[in-house]
Amino acid sequence: MPTRSIDAMLARPRQHIRSALIVSLSFLVAAYSWIFATDRILIALALDTQTHQQLERLKGLFFVSLCAGVIFLLVLRNVKPLVQATRLLREREREATARAEELAAVMDAVPAAVWIARDPGCLSITGNRYANELLRVGRHVNHSLTAEESQRPSH
């Protein structure tokens, strides 16, 4: 499940800094090794200038392409769980919205006044249709007596 890998990533931020440092240092070692090794090989071959220049271009293009592929794979590996977690989050948000709409429909069908506290401190309280009629307030009005003066019901 993608959320476990996201939770694991968020639980150890220093580990990710260390991993990024290891990757970048490994890249530097590989890059310098590639440059010095291929330069020594080309010098040892004692090629003419034109062939030497063509091989220099080819080795540069090869190294840049290889680096782009490695960076792509590393980014893909780290982004894939984030994308999966985001999709899962969106799906759960849609499910929660559908359940909230069903609950609102049931509350409006109940022939009694029902109030719901939206937070533990009861600073935001909403009611069904009958509760709104009882307090003579609009549909999306905060019913809490501890709400701001402009939002508080007058009776």
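The points below go from the overall fold and confidence to rings, cysteines and backbone angles.

1. **Confidence.** Please keep in mind that this is a predicted model. The protein chain has an average pLDDT of 81, and 87% of the residues reach at least 70. Confidence is lowest in helix α1 (residues 2-11), where the mean is 62, and highest in α3, where the mean is 85. I would read helix α1 with that mean of 62 in mind.

2. **Layout.** Four helices and two strands make up the secondary structure of the protein chain. Starting at the N terminus, their order is α-α-α-β-β-α. Helix α2 covers residues 13-45, and helix α3 covers residues 49-109. The strands are β1 (115-117) and β2 (125-127), with a loop between them that holds Cys122.

3. **Burial and surface.** Of the 155 residues in the protein chain, 15% count as buried. The accessible surface amounts to about 12100 Å², and carbon and sulfur atoms account for 65% of it. As for contacts between residues at least 6 apart in sequence, 24% of them join residues at least 24 apart.

4. **A ring pair within one helix.** There are four aromatic pairs in the structure. One of them is Tyr32 with Phe36, a stacked pair with 6.3 Å from centre to centre and 20 degrees between the planes. Both residues belong to helix α2, and because they are four residues apart there, about one helical turn separates them. Phe36 counts as exposed, since its relative accessibility is 53%, where the cut-off for exposed is over 50%.

5. **A ring pair between helices.** How far apart are the ring centres of Trp34 and Phe63? The distance is 6.2 Å, and the planes meet at 15 degrees, so this pair is stacked. Trp34 sits in helix α2 and Phe63 in helix α3, 29 residues apart, so the pair links distant parts of the chain. Phe63 is buried, at a relative accessible area of 15%, whereas Trp34 is partly exposed, at 27% relative accessibility.

6. **The ring cluster.** Trp34 and Phe63 also belong to a cluster. Its members, linked by ring pairs, are Phe27, Trp34, Phe62 and Phe63.

7. **A charge over a ring.** Have a look at Arg129 and Tyr130 too. The charged end of Arg129 lies over the ring of Tyr130, at 4.8 Å from the ring centre.

8. **Cysteines.** How many disulfides does the structure hold? The count is zero. Cys67 is buried, with 12% relative accessibility, while Cys122 is partly exposed, with 34%.

9. **Positive phi angles.** Most residues other than glycine have a negative phi. Ala46 is not a glycine, yet its phi is positive, at about 50 degrees. Ala46 is located in the loop between α2 and α3 and counts as exposed, at 66% relative accessibility. Cys122 has a positive phi as well, near 55 degrees, and its place is the loop between β1 and β2. These two residues, Ala46 and Cys122, are ones I would look at in the backbone view.

How values were computed
Residues numbered from 1 in each chain as written. Predicted model: local features only at pLDDT ≥ 70, side-chain atom pairs only at ≥ 80, totals over all residues. Heavy atoms only, no water. Phe/Tyr/Trp six-rings, centres within 6.5 Å; stacked < 30°, edge-to-face > 60°. Buried < 20%, exposed > 50% of the residue type's maximum accessible area, 1.4 Å probe, protein only. Lys NZ or Arg CZ within 6 Å of the ring centre and 35° of its normal. Disulfide = S-S within 2.5 Å. Contact = heavy atoms within 4.5 Å. Areas by Shrake-Rupley, 256 points an atom, 1.4 Å probe, with all protein chains shown as cover. pLDDT = per-residue confidence, 0-100.
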